[in-house]
Amino acid sequence: MMEAFDTDRGGAGCLRGMVGQSPRFLAALKLIARIAHYDAPVLIEGETGTGKELAARGIHDGSRRRAKPFVAVNCGAIPESLIENELFGHSRGAFTDAGIAVPGLLRLAHQGSLFLDEIDALPARGQVALLRFLQDGHYRPLGAQHAESADVRIIVASNRRLKTLVGEHSFRADLLFRLHVLSLEMPALRDRPGDPWLLAHHFLDEFAQRYGSIAGEARRSIDSHAHAWFDAYAWPGNVRELENLIHRVFLLSDGPELTLPAPDVPALGGPELLQDAAGDTPQSYAAARTQALDVFHRRYLDALLRRTQGNVTQAARLAGKERRALGKLLQKYHIDPSRFRM
């Protein structure tokens with residue numbers, strides 16, 4: 001279902017594109033609504049594909065700044081040498097070929113919100129520049145004689161724990177303190193039981209609207225046999241993975257019913273999940289789900305360590321998890337990384 005929230009200070013904001021009804025998801029929506037009221041920096045953390053930018057837009061749309069610009073930028077896409085120019089802009093003649101003054105992101109987002117995605121990728125030079133602005137709201141465009149000010153709400157997101165990066169000396173502690181005024185954790189899709197099935201139908205409707213008039217097809221549905229594994233599958237790519245799966249199957253499947261799972265996203269287990277060890281008594285849903293998740297974790301961790309040749313740090317980075325958390329999973333399933341080292 002599509003959730004929306006009303007603000008208490010006039011107007012209403014809609015969490016566009018955010019679909020679900022699981023407890024953790026609904027708790028995140030309530031926190032987004034609460035955060036939107038308070039004009040302070042926000043740190044959004046969560047795995048890749050969990051909807052951090054949608055959450056940032058929801059915070060903006062629910063705030064008093066909703067009628068002003070929402071400017072989004074991926075920090076990982078900005079070369080270190082251009083960080084200050086991107087953030088602050090430059091005046092005419094600031095450097096060769098600077099024939100006109102160009103505003104930076106802060107000026108473009110004036111009175112609105114600036115969303116800095118992948119803030120963990122911001123190089124040291126950019127961290128210093130952002131910290132300086134957060135301290136007093138002033139900045140100096142490159143080549144300008146005087147400082148300028150901007151009324152901007154800063155919202156940042158990271159799929160890596162900034163506290164961990166501070167401990168690794170790759171992120172400034174003082175910048176984290178400035179950013180970590182309000183915080184939000186976007187839950188992984190595997191922690192949202194029931195939501196994958198809802199999202200699958202939401203995306204199916206979206207793609208039907210996008211392609212239906214062209215294809216001239218009747219309304220399509222999802223193979224009901226796929227329902228059993230939607231919650232069992234761990235969705236390492238989260239909502240983005242699910243969306244891409246439905247998109248791909250929608251385009252490639254024949255007939256009114258979409259056959260799932262797609263070949264490259266295997267379901268875990270099969271009919272045997274419905275039976276106990278003796279093979280004659282039906283398992284409960286909870287037991288079958290636990291068994292399926294165990295199978296997934298073992299397969300995923302095995303493939304991950306094969307790819308990194310037993311390098312746990314690299315494996316954690318690829319998986320989007322903290323190294324300690326990945327280490328606990330390896331211990332839980334009795335997987336020895338040394339077995340994969342060449």
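Analyst: Gln309 is found in the loop between helix H11 (285-308) and helix H12 (312-319); helices (H or I, at least four residues) and strands (E, at least two) are DSSP runs, numbered from the N terminus. The model is predicted, so local features need pLDDT of at least 70 and side-chain atom pairs count only at pLDDT 80 or more, while totals for chains, interfaces and linings use all residues. Residues are numbered from 1 along each chain as its sequence is written, and side-chain values use heavy atoms, with hydrogens and water left out.

Although Gln309 is not a glycine, its phi is positive, at about 55°. With a relative accessible area of 44%, Gln309 is partly exposed, a class that lies between buried (under 20%) and exposed (over 50%), taken with a 1.4 Å probe and protein chains only.

Glu118 is not a glycine either, and its positive phi is about 50°. Glu118 sits in the loop between S7 and H5 and is partly exposed at 30% relative accessibility.

A nonpolar core is a set of buried Ala, Val, Leu, Ile, Met, Phe, Trp, Tyr and Cys residues joined through side-chain atoms within 4.5 Å. The largest one has 32 residues, of which Leu106, Leu114, Leu116, Ile119, Ile154 and Phe171 touch the most other members. Elements that each supply at least two residues of this core include strand S7 (113-117), helix H5 (124-136) and strand S10 (153-158). H5 gives the largest share, five residues. A second, separate core of 24 residues includes Ile222, Val249, Phe250 and Leu258. In soluble globular proteins, nonpolar side chains tend to be buried together.

Leaving aside neighbours within four places in sequence, Leu116 is in contact (heavy atoms within 4.5 Å) with Val73, Cys75, Leu130, Ile154, Ile155, Val156 and Ala157.

Helix packing can be followed in another pair. The axes of helix H1 (residues 23-37) and helix H2 (residues 52-61) come within 8 Å and cross at roughly 45°; axes are lines fitted to C-alpha atoms, for helices over the stretch in contact, and angles run from 0 to 180 degrees between N-to-C directions. H1 is therefore oblique to H2, the class left over once angles under 35 degrees (roughly parallel), over 145 (roughly antiparallel) and 65 to 115 (roughly perpendicular) are taken out. Ile32, Ile35 and Ala36 of H1 meet Ala55, Gly58 and Ile59 of H2 in this contact. H2 is mostly covered, with seven of its ten residues buried, among them Lys52, His60 and Asp61.

For the chain as a whole, there are 13 helices and 13 strands, and 46% of the 342 residues count as buried. Of the contacts with a separation of 6 or more, 70% are between residues 24 or more positions apart.
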